[in-house]
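Here are my notes on the model you sent, as numbered points. Please read them with the structure open.

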Amino acid sequence: MLGRAGLAAELIERTIGPRDVVCGGFLGWDALAALDRLGIDAWVLGARAIGRVRLVGGERLVEATLPHRAAGLSRRILDEALMDAAARAGALVRRGVAVRAAEGAHRVRLDTGETIEAEALLLATGKHELRGLARPREAIAADPVVGFRTALAPSVSLEQALQGVIELHLFDGGYAGLLLQEDGSANLCVSVARDRISQAGGIAELIARLSKELPHLGQRIHGGGAGEWQAVAGIPYGWRAKGTEPGLFRLGDQGAVIASLAGDGIAIALASGIEAAAALLRHGPQGAQAFQAGFAGRARRPLAIASKLRGAAENGRTRRSLMRLLRWAPFLLAIGARLTRFGR
Ligand SMILES: Cc1cc2nc3c(=O)[nH]c(=O)nc-3n(C[C@H](O)[C@H](O)[C@H](O)COP(=O)(O)OP(=O)(O)OC[C@H]3O[C@@H](n4cnc5c(N)ncnc54)[C@H](O)[C@@H]3O)c2cc1C
């Protein structure tokens, strides 16, 4: 958006080319609408349509139709499409260069030794902290969570089981999400309390244990065969940046982190970028504070509801009650999906 408006926008991305990201790859209807607004058609990129959500809690299974069509797309494809679009729009995209530290909102130091001075800084480092502008330690320390993901190789059984559906397997301390991606493989993404990984002795050991405890999940994993795992630690679910300084716009996970079970982090990241660019174009660097306050305010409800749902899903007793309730009234699942959307 800044490039299109003719501003000298520079995008610094430390990775060099397409790579996998710890993410479920679920694009809600709000994320699809935001992409559309940016001129990116997820269906042209190969996204798989998703119309239903399936919750699996032990032996119980509940399914509901989503209020609108959603999609499954790997971040390997999506992120490259976003960066290509930025370059086409006139932004200078620099890959393989990392920002090492920020000195306030107007100056950053790169790992090349170079310094960049700018009128505004749009901070979008996701879960990674940038020296000089890191989130407070308490944001993470209270509830240490680890996320990890892999791709399950395409198979007839996975294709049949996951056609048109996002599947969430709930267990004590976390959940595993599964959906089909553009190449027919299934993205398997897990969010779990750090303690559960240490108790099991590692990620592979935890997956082996979960496959035994959760027969449906075990079936899916054996139906595909897991590839390489990527992991990320210290996810500050529920955190919001309530304030900022002139010139500093905190985007995506640097602005608000929704519990990943809701599958709305991508929509939030896209919306924050669109809104920040609009604020910067209209009000200049002075627009940062009003943008951040408005963004934090709008994120409050979806983040709070997603945190409550996560709490209920990850605790054995409340999960059983939740599953009983949803079996009786599965439409509540669709309402939950709607209430945890940041965008409309
Ligand atoms: C387990 C799990 C499952 C999830 N599943 C879903 C889902 O299904 N659907 C959904 O909508 N959301 C999901 N999310 C949330 C979603 O992944 C994030 O909210 C979203 O990616 C945030 O986008 P972002 O742009 O803020 O950060 P990111 O997507 O993390 O992007 C940050 C970028 O900054 C780069 N970077 C970082 N530091 C530097 C630096 N110093 N210099 C240069 N570049 C740097 C990184 O390489 C990266 O490309 C999930 C999250 C987790 C943990």
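1. G255 sits in the loop that runs between strand 15 (248-250) and helix 8; helices (H or I, at least four residues) and strands (E, at least two) are DSSP runs, numbered from the N terminus. With a relative accessibility of 0%, G255 counts as buried, where buried means under 20% relative accessible area, exposed over 50%, and partly exposed in between (1.4 Å probe, protein chains only). Its contacts, leaving aside neighbours within four places in sequence, are W239, R240, A241, R250, Q292 and F295; contact means heavy atoms within 4.5 Å. G255 and A296 are 41 residues apart in sequence, and their C-alpha atoms are 7.3 Å apart in space.

2. On the basis of the values: this is a predicted model, in which local features need pLDDT of at least 70 and side-chain atom pairs count only at pLDDT 80 or more, while totals for chains, interfaces and linings use all residues. Residues are numbered from 1 along each chain as its sequence is written, and side-chain values use heavy atoms, with hydrogens and water left out.

3. The open sheet has eight strands in the order 2-4-3-11-12-13-10-14, with mixed pairing; two strands pair if DSSP finds at least two bridges between them. Strand 2 and strand 14 (230-233) are at the edges with a single partner strand each, so one side of each has no neighbour in the sheet.

4. How is strand 10 joined to strand 13 and to strand 14? Strand 10 runs antiparallel to strand 13, with eight bridges between them, and L152 has A186 of strand 13 as its bridge partner. Strand 10 is also antiparallel to strand 14, here with four bridges; R149 is bridged to Q230 in strand 14. Seven of the eight residues of strand 10 are buried.

5. Strand 13 also pairs with strand 12 (residues 174-180), in the antiparallel sense and over seven bridges. L180 has A186 in strand 13 as its bridge partner. A186 is likewise the bridge partner of L152.

6. L152, L180 and A186 come up again around L158, a residue of helix 4 (residues 156-162). Not counting residues up to four places away in sequence, L158 touches L152, A153, Q163, L180, A186, R220, G223 and G224. L158 is buried, at a relative accessible area of 1%. The C-alpha atoms of L158 and S272 are separated by 34 Å, with the two residues 114 apart along the chain.

7. Which residues of helix 6 (residues 203-213) are buried? They are L206, I207, L210 and S211. These residues lie on the same side of helix 6, because they cover an arc of only 140 degrees around the axis; the arc is that of the directions from the helix axis to the C-beta atoms. Their cover includes strand 10 (145-152), strand 11 (165-171), strand 13 (186-193), helix 5 (194-200) and helix 7 (215-224).

8. In helix 1 (residues 29-37), the buried residues are W29, D30, A31, L32, A34 and L35. They pack against strand 2 (26-27), strand 4 (60-72), helix 2 (75-88), helix 8 (265-283) and helix 11 (331-339). Just after helix 1, G39 has a positive phi of about 85 degrees.

9. E314 lies in helix 9 (residues 288-314) and counts as buried at 16% relative accessibility. Apart from neighbours within four places in sequence, E314 is in contact with F171, D172, G173, G174 and R319. A304, also placed in helix 9, is partly exposed at 39% relative accessibility. Its C-alpha atom is separated by 28 Å from that of L210, 94 residues away along the chain.

10. The structure holds one cavity of 30 Å³ or more. A cavity is a set of points, on a 1 Å grid over the protein atoms alone, where a 1.4 Å probe fits but cannot get out; lining residues have an atom within 4 Å of a point. The largest cavity holds about 60 Å³ of space, a volume being the space filled by probe spheres set on the points, with grid points joined across faces, edges and corners. Its lining consists of D20, V21, C23, G24, G25, S74, R75, R76, R149, Q181 and N187. The lining divides into two nonpolar, five polar and four charged residues, where Ala, Val, Leu, Ile, Met, Phe, Trp, Tyr, Cys and Pro count as nonpolar, Asp, Glu, Lys and Arg as charged, and the others, Gly among them, as polar.

Conventions. On a 1 Å grid over the protein atoms alone, a cavity is a set of points where a 1.4 Å probe fits but cannot get out, and a pocket is an open set with protein on both sides within 12 Å along at least five of seven lines; lining residues have an atom within 4 Å of a point.
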